[in-house]
Amino acid sequence: ALDTLAVMSNHTEFRRVYTLLSESKNHFDANINVSVFETNIRIVGGLLAAHLLARRCGVEVEPGWPCNGPLLRMAEDVATRLLPAFDTETGMPFGTVNLRHGVPKGETPITCTAGVGTYIVEFGALSRLTGNLIFEETAMRAMKSLWHSKSTIGLLGNHIDVQTGKWTATDAGIGAGVDSFFEYLVKGSSLLQRPELMHIFKESRSAIEQYLNHDDWYFWVNMKQGGVTMPVFQSLEAFWPGILSLVGDTQSAMKSIHNYHQVWKQYGFLPEFYNVAQGAVSSKREGYPLRPELVESAMYLYRATKDPFLLTVGEDMLKSIEHSTRTNCGYATVRDVRDHALEDRMESFFLAETTKYLYLLFDTDNFIHNSGNTATVLNTPYGECIVEAGGYVFNTEAHPIGKYMK
């Protein structure tokens, strides 16, 4: 939630937490097993974003910033502890790593597609800031190895053996277990100016549109033959219109977001799974854990089109969340969208993502939206550096990584 404070201009609280972090020691020297994927998007991404926003929030940054700083060193430390996961035959990472000892003995080699291909934004930014190329090279090798394993019709499955490169789950989709791989192709290409990533996205999208798209819903299909296996919409898939807007296809994006908004209107929330053929919630997938993907797409699309319908999407979400999920000490996960029963739980992505995207949808003058008309030139020991020039790329946990040039 640290960079959410920056986005909402709560600089006092940002500086307090920044100081707490920068003065503490040995954060990650711990004998614990962690998810490589989650640690990257939440910890590495959160630290990098806060590091890059520190100067704007009034932190007295070190000489050489943005290529120096306590949060940058912490991000490099934890990312270094994730690197042993990538020491496989294919370069694709194990799903779990011990922060002190590397990959746990007996760790399964089966990793989901998103768990393989969601590192280039954070690892690329880290390499560019520190000058240590191993992070960007490691993330690129994993993405290219994954893409090399696609089926003959250009689709990727859901889970893969990172030692052999063999698929162990062959459903192809854009939702759970897959989503952020496609997201990082687009965002990695933009942030790091790597056109080969956009080339992969365009190829993969061609297959997605051919086999998955059914009346602007994206179903799950068999990765080898392309036949539909699950005619469902997953709430995680609502990121897709936002990605289409980033590549300039606002027309296709608007068609899908209209579909997704209708589901929201039907229940007041998006269920985890919605059976399109039946027009109803899928059994045992009735919950809504305050996910951000729908408002994320609305925010991107509104920036691209200024269509007032997208403000309506955000308003509907805001009203539902405020009416049905607010409690005395936070906002609660919806156990069942049909009756709005709640669970005693609030996911961290609600503060990192959902609140931030809602805020940015309505705060049209926020500094995050800087189109590059203003910037700051710094003279550092490493040369001239241009910062705060806009071009923020959000990682998949909504941590804004700002572009900079030196």
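Start by selecting E183 and K187, which sit four residues apart in helix 8, so about one helical turn separates them. Helix 8 covers residues 179-192. (Helices here are DSSP runs of H or I with at least four residues, strands are runs of E with at least two, and both are numbered from the N terminus.) E183 forms a salt bridge with K187, with 2.7 Å between the closest N and O atoms. A salt bridge means a side-chain nitrogen of Lys or Arg within 4 Å of a carboxyl oxygen of Asp or Glu. Are these two residues buried or exposed? Both E183 and K187 are buried. Buried stands for under 20% relative accessible area, exposed for over 50%, and partly exposed for anything in between, using a 1.4 Å probe and protein chains only.

A word about the model: it is predicted, so local features need pLDDT of at least 70 and side-chain atom pairs count only at pLDDT 80 or more, while totals for chains, interfaces and linings use all residues. Residues are numbered from 1 along each chain as its sequence is written, and side-chain values use heavy atoms, leaving out hydrogens and water.

Stay in helix 8 and select S180. S180 counts as buried, at 1% relative accessibility. Which residues is S180 in contact with, leaving aside its neighbours within four places in sequence? Show F37, A114, G117, T118 and T396 to see them; contact means heavy atoms within 4.5 Å.

Select E38 and R42, whose side chains meet in a salt bridge with an N to O distance of 2.7 Å. Both lie in helix 3 (residues 36-53), four residues apart, or about one turn of the helix. E38 is partly exposed at 29% relative accessibility, and R42 is partly exposed at 27%. Then try E322 and R326, where the N to O distance of the salt bridge is 2.5 Å. Here E322 is partly exposed at 35%, whereas R326 is exposed at 52%. For a network of salt bridges, select D29, D77, R81 and R100 together. The count for the model comes to 23 salt bridges.

Now look for the largest pocket, with a volume of about 440 Å³. (On a 1 Å grid over the protein atoms alone, a pocket is an open set of points with protein on both sides within 12 Å along at least five of seven lines, and lining residues have an atom within 4 Å of a point. Its volume is the space filled by probe spheres set on the points, which are joined across faces, edges and corners.) To find its centre, select L246, Y300, I368, G391 and Y392, the nearest of its 22 lining residues. Which helix gives the largest share of the lining? Helix 12 does, with four residues.

Move on to helix 14, residues 349-362. Of its 14 residues, 11 are buried, so the rest of the structure largely encloses it. Among the buried ones are F349, F350 and Y357.

Finish with some backbone details. W65 and P66 are joined by a cis peptide bond, with omega about 15°. D215 has a positive phi near 55° without being a glycine, and is exposed at 69%. A398, also not a glycine, has a positive phi of about 65°, but A398 is buried, at 0% relative accessibility.

Notes: On a 1 Å grid over the protein atoms alone, a cavity is a set of points where a 1.4 Å probe fits but cannot get out, and a pocket is an open set with protein on both sides within 12 Å along at least five of seven lines; lining residues have an atom within 4 Å of a point. The expected span of a helix is 1.5 Å times one less than its number of residues.
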